[in-house]
Amino acid sequence: MKESVIVAVERLLDNYLEKNNHRKTPERYTILRAIYSINGHFTLEDLKARLAQEMDFPVSRATLYNTLNLFMSLRLVVRHRFQGSTKYEACYDNQSHCHQICTMCGKVTEVKSPEIIAAVENMHLKRFRKDGFTLYVYGVCSSCQTKMTKRKKTTTAKKKSNNKNKTEK
């Protein structure tokens with residue numbers, strides 16, 4: 001966890017809370033630190049477990065949900081909906097990036113693609129300022145491809161065996 005990033009996001013949160021006359025609660029700051037200590041995507045349950053077990057700071061699901069919504073509005077956190085599951089990601093210092101998502105097992109992997117980043121940066125949009133992007137690429141991961149190939153070979157072998165048995169009778 002980069003301390004300079006934590007200081008920067010806490011400052012953004014401070015400014016927002018002060019300007020909007022909201023309380024500076026320990027929960028908000030602890031949740032923010034927990035989020036920025038996670039490397040990659042996380043679920044609400046992952047965050048809740050980390051707060052309770054690793055930081056000895058249990059919070060209610062409602063507090064987490066409301067705090068994540070606040071952080072999303074401040075653009076400190078981004079929400080992804082991957083194949084029926086919702087995951088979050090710290091985004092203050094996160095570069096635009098691509099996700100590859102396996103449609104079989106749901107595994108999500110981040111992919112760095114300078115070509116895509118350059119293409120989006122060079123894209124001219126009318127009356128719109130780009131801040132960043134996330135691209136989702138759907139397909140089948142190598143592990144699932146291997147499982148599918150093995151399953152297909154097994155099925156083919158069984159069919160051949162059954163056909164052989166039928167012709168012998």
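Contact here means heavy atoms within 4.5 Å. This is a predicted model, in which local features need pLDDT of at least 70 and side-chain atom pairs count only at pLDDT 80 or more, while totals for chains, interfaces and linings use all residues. Residues are numbered from 1 along each chain as its sequence is written, and side-chain values use heavy atoms, with hydrogens and water left out. The points below cover a cysteine cluster, a nonpolar core, salt bridges and a surface patch.

**Cysteine cluster**

- An unreviewed UniProt entry lists Cys102, Cys105, Cys141 and Cys144 under "binding site"; UniProt positions are given in the numbering used here, feature names are shortened, and annotations may be inferred rather than shown by experiment.
- Cys102 lies in strand β3 (residues 97-102); helices (H or I, at least four residues) and strands (E, at least two) are DSSP runs, numbered from the N terminus.
- Cys102 is buried, at 2% relative accessible area, where buried means under 20%, exposed over 50%, and partly exposed in between (1.4 Å probe, protein chains only).
- Beyond residues up to four places away in sequence, Cys102 touches Gln83, Lys107, Gly139, Val140, Cys141 and Cys144.
- Cys141 sits in the loop between β5 (134-139) and α6 and counts as buried at 18% relative accessibility.
- With residues up to four places away in sequence set aside, Cys141 touches Cys102 and Cys105.

**Nonpolar core**

- The largest nonpolar core has 26 residues, of which Ile31, Ile35, Tyr36, Leu47, Leu68 and Phe71 touch the most other members; such a core is a set of buried Ala, Val, Leu, Ile, Met, Phe, Trp, Tyr and Cys residues joined through side-chain atoms within 4.5 Å.
- At least two residues of this core come from each of α1 (3-19), α2 (26-37), α3 (44-54), α4 (61-73) and β2 (85-90).
- Helix α2 gives the most to this core, with six residues.
- Apart from neighbours within four places in sequence, Ile35 is in contact with Phe42, Leu47, Leu68, Phe71, Val77 and Ala90.
- Val9, in helix α1, is buried at 0% relative accessibility.
- Outside four places in sequence, the contacts of Val9 are Leu32, Tyr36, Leu76 and Tyr92.
- Val9 and Leu32 are 23 residues apart in sequence, and their C-alpha atoms are 8.1 Å apart.

**Salt bridges**

- The structure holds five salt bridges, each a side-chain nitrogen of Lys or Arg within 4 Å of a carboxyl oxygen of Asp or Glu.
- Asp14, Glu18 and Lys24 are linked in a network of these bridges.
- Lys24 is partly exposed at 42%, as are Asp14 at 24% and Glu18 at 48%.
- Arg50 and Glu54 form a salt bridge with an N to O distance of 3.6 Å.
- Because Arg50 and Glu54 are four residues apart in helix α3, about one helical turn separates them.
- Arg50 is partly exposed at 22%, whereas Glu54 is exposed at 57%.

**Surface patch**

- Met104, Val140 and Met148 make a nonpolar surface patch of about 240 Å², with accessible areas from the Shrake-Rupley method (1.4 Å probe; for residues, only the protein chains shown count as cover).
- Patches consist of residues with over 30% relative accessible area and no salt bridge, with like charges joined within 9 Å and nonpolar side chains (Val, Leu, Ile, Met, Phe, Trp, Tyr) within 5 Å.
- Met148 is found in helix α6 (residues 142-168) and is partly exposed at 36%.
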